[in-house]
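Here's a quick briefing to read alongside the model. Have the sequence and the 3D view open as you go.

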Amino acid sequence: MNTGVKIAAFATALAATFGTAYGVGQGIGPVVAKERPAAEHGEHEGSKPGEGAAEKADAAAPETPGGLQVAEGGYALALETPRIEAGDRTELRFSIKDKSGRNVTAYQREHGKELHFIVASRDLTVYRHLHPTRAADGTWSTPAELPAAGGYRVFADFKPAKQGAEGVTLGADLAVGGDSEPAGLPPVKATAEVDGYEVTLAGGLRPGAARELKLSVAKDGKAVTDLQPYLGAYGHLVALRSGDLAYLHVHPNGEPGDGVTKAGPEVSFTATAPSSGAYRLFLDFQHEGKVRTAAFTVNAGGAAEPGKANETDKAEKGESGDHAH
């Protein structure tokens, strides 16, 4: 079987697995959990039905995940190299277009960069956080070498320099040619090992509600207390939803030099899951001059049944499962 046939067969298998989710980047909106927010303590008897409901709904609503659209908010991601070969070091080239079709050349710096470029395989087993360079004409480029064939998604996360502009995350599909064997989602575990380091996750995700994620870094059984700043923090966390690869905005809690945040072993973030389901977390951290990535699979469930803890509750208590649900 030649490469083209193998890729076609792989795409067919993906489509069967993910259904419409595989093509979500081109047209449909994000899946958002429709949970009714719990009554707040500030509500009193005798208040008018629905009083303050809009404000409370807005406050409880999760952030809309990014990366599902190739164009949004007047900007479009133009990927000039939509196909590469597995194992080959290839230059990925792309640009961000404004609504007039011109390349965007001015950006606000976020976490030390004008633009963050993420590449992830559809099965979420391969992840790259790349640092492209921008030419004067607005064309971005970065070398990339992806080890496995199959379907991938690329994400451009940026904020235009235009005053008052909001951050935008756009996504596009990337095909990687070669022999492909799609893998299953890695199991749920509270620890991840990478390059001699052990990273432990405490906390979890809940649909429609902000939750703290604490990641603690150790090496050779000893807590690491001298993490080095990376992208303006002691860690950078990306969360992707399994299936459609919706990109969640995760916010670091504290930053180097603020007089409060320590250089490890714990790095803290806040995230909101837009829906129930499985997610993959990727933590980039820097120590001894090298950036490493620790990955976790977590489940964001709905409200727990009375007297029973769901997966999120278990994670927040530091418990873990040995298999994915």
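How many helices and strands are there in the protein chain? There are three helices and 21 strands, where helices (H or I, at least four residues) and strands (E, at least two) are DSSP runs numbered from the N terminus.

This is a predicted model, so local features need pLDDT of at least 70 and side-chain atom pairs count only at pLDDT 80 or more, while totals for chains, interfaces and linings use all residues. Residues are numbered from 1 along each chain as its sequence is written, and side-chain values use heavy atoms, with hydrogens and water left out.

**The chain overall**

- The protein chain has 325 residues, and 42% of them count as buried (under 20% relative accessible area, with exposed over 50% and partly exposed in between; 1.4 Å probe, protein chains only).
- Take the contacts (heavy atoms within 4.5 Å) between residues at least 6 apart in sequence: 68% join residues at least 24 apart.
- Accessible surface comes to about 16,300 Å² for the protein chain, and carbon and sulfur atoms account for 50% of that; the areas come from the Shrake-Rupley method with a 1.4 Å probe, and for residues only the protein chains shown count as cover.

**Nonpolar cores**

- A nonpolar core here is a set of buried Ala, Val, Leu, Ile, Met, Phe, Trp, Tyr and Cys residues joined through side-chain atoms within 4.5 Å.
- The largest one has 29 residues, and those touching the most other members are Val199, Leu205, Leu215, Leu237, Leu281, Phe285 and Phe296.
- At least two residues of this core come from each of β12 (191–194), β13 (197–202), β14 (210–219), β16 (236–241), β19 (266–272), β20 (277–287) and β21 (290–300).
- Beyond its neighbours within four places in sequence, Val199 is in contact with residues including Ala190, Leu215, Val217, Leu283, Phe285 and Phe296.
- There's also a second, separate core of 26 residues, with Leu77, Ala156, Leu170 and Ala172 among them.

**The five-strand sheet**

- This open sheet runs β1-β2-β4-β9-β8 with antiparallel pairing; two strands pair if DSSP finds at least two bridges between them.
- β1 (71–72) and β8 (133–134) are the edge strands, each with a single partner, so one side of each has no neighbour in the sheet.
- β1 pairs with β2 (residues 75–79) in the antiparallel sense over two bridges: Ala71 has Ala76 as its bridge partner, and Glu72 stands opposite Tyr75.
- Two residues separate the strands of the β1 and β2 hairpin, where Gly73 takes a positive phi near 60 degrees.

**Ser141 in β9**

- Ser141 sits in β9 (residues 139–144), and it counts as buried because its relative accessible area is 14%.
- Its side chain makes a polar contact with the side chain of Glu91 at 3.3 Å (a pair of N or O atoms within 3.5 Å; within protein, one must be able to donate a hydrogen and the other to accept it, and residues adjacent in sequence count only if both atoms are side-chain atoms).
- Leaving out residues up to four places away in sequence, Ser141 touches Glu91, Leu92, Arg93, Pro132 and Thr133.

**The four-strand sheet**

- The order in this open sheet is β17-β16-β20-β21, with antiparallel pairing.
- β17 (247–248) and β21 stand at its edges with a single partner strand each, so one side of each is left without a neighbour in the sheet.
- β16 and β17 pair in the antiparallel sense over two bridges, and Tyr247 in β17 is the bridge partner of Leu240.
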